[in-house]
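User: Please go through this structure with me. I want to hear the grounds for each label.

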Amino acid sequence: MVVDPARVPGHVAIIMDGNGRWANQRGLKRNAGHEAGEQALFSTVEGADALGVRDLTVYAFSTENWKRPVEEVRFLLGFNESLLRRRADELHDRNVRVRFIGRRDRRVPARLVRLIEQTEGLTRDNDGLTLRIAFNYGAQAELVDAAQRLVDDARAGRLEQVDESAVAARLYDPEMPAVDLLVRTSGEQRISNYLLWQAAYAEMVFVDTLWPDFNGDELARCIELYQQRHRRFGTAMDTPMDRREPPPGDGDATT
Ligand code: IPE
Ligand code: IPE
Ligand code: MG
């Protein structure tokens, strides 16, 4: 199998899961797994860019992750800050446009919010890959926030009607296109409150690889699987003659 360059998914979203298990398998603390995830992320960014993916959205910290032990939460906040500090210039040099989706509430340290805004500003005019980092992100919170904005806009006379485009325009990043391919690592097969609106018609690929072992080649394999799918978007579609298979049990029949 090889990736068909004409049918690369425009928007790939990834649930980067399995850092803790990766570390535990090596007798290490969970935080070592988060650290090891950094090179997986950069290899994936590079791979996505080389394959022609336009938008890559990664789940870095969920609204539910605040339930983790305080030391791990503290580590993740600091680690994400240090990653941005160390690697924003590199992303900029790669012509990557960085954006954040999530709630910028009081639990997110002001220093991190400032750095997020600086990185978004630095890379704003880049026209390569758009890397969205979902941080303090929860899809239910995003829809609640969008609903609140609908109410506010209706009260202020800025809303004509409530329809799909009115909701989409009030999500964290209204420019974000629909997700074509959603990948989750680590063998778990669930959404965990990620992109419920945007992934309405995404193809899902679940891989057993733990996130720190993921890379650009693994992404290419996920895209190959994506390219074997037939997306229907609710339409009716007959199987082409050359792809039809006999019904199960056919051929077993005895005379
Ligand atoms: C994903 O890895 C990273 C975050 C959720 C921040 P986990 O930390 O969830 O790793 P596992 O699932 O416990 O192995
Ligand atoms: C989802 O992973 C969140 C991120 C990858 C940031 P979790 O590990 O938090 O999800 P659950 O708890 O297994 O569903
Ligand atoms: Mg996990």
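**Labels and their grounds**

Analyst: The side chains of Asp 213 and Trp 22 make a polar contact at 3.1 Å. The model is a predicted one, in which local features need pLDDT of at least 70 and side-chain atom pairs count only at pLDDT 80 or more, while totals for chains, interfaces and linings use all residues. Residues are numbered from 1 along each chain as its sequence is written, chains are lettered from A and ligands numbered from 1 in the order in which they are written, and side-chain values use heavy atoms, with hydrogens and water left out.

User: What makes the pair Asp 213 and Trp 22 a polar contact?

Analyst: A polar contact is a pair of N or O atoms within 3.5 Å; within protein, one must be able to donate a hydrogen and the other to accept it, and residues adjacent in sequence count only if both atoms are side-chain atoms. The side chains of Asp 213 and Trp 22 are 3.1 Å apart by that pair, so the term applies.

User: Why is Asp 213 called partly exposed?

Analyst: Buried means under 20% relative accessible area and exposed over 50%, with partly exposed in between (1.4 Å probe, protein chains only). Asp 213 has 38% relative accessibility, so it counts as partly exposed. Asp 213 is found in the loop between β6 (203-206) and α7 (216-227); helices (H or I, at least four residues) and strands (E, at least two) are DSSP runs, numbered from the N terminus.

User: What makes strand β3 largely enclosed?

Analyst: In β3 (residues 97-101), 4 of the 5 residues are buried, so the rest of the structure largely encloses this strand.

User: Which residues surround ligand 1, and which polar atoms lie by its oxygen atoms?

Analyst: A residue is near a molecule if one of its heavy atoms lies within 4 Å of it. Among those around ligand 1 are Asp 17, Asn 19, Arg 30, His 34 and Arg 68. A polar backbone atom of Asn 19 is 3.1 Å from a ligand 1 oxygen atom. Polar side-chain atoms lie 2.8 Å from such an oxygen for Arg 30 and 2.7 Å for Arg 68.
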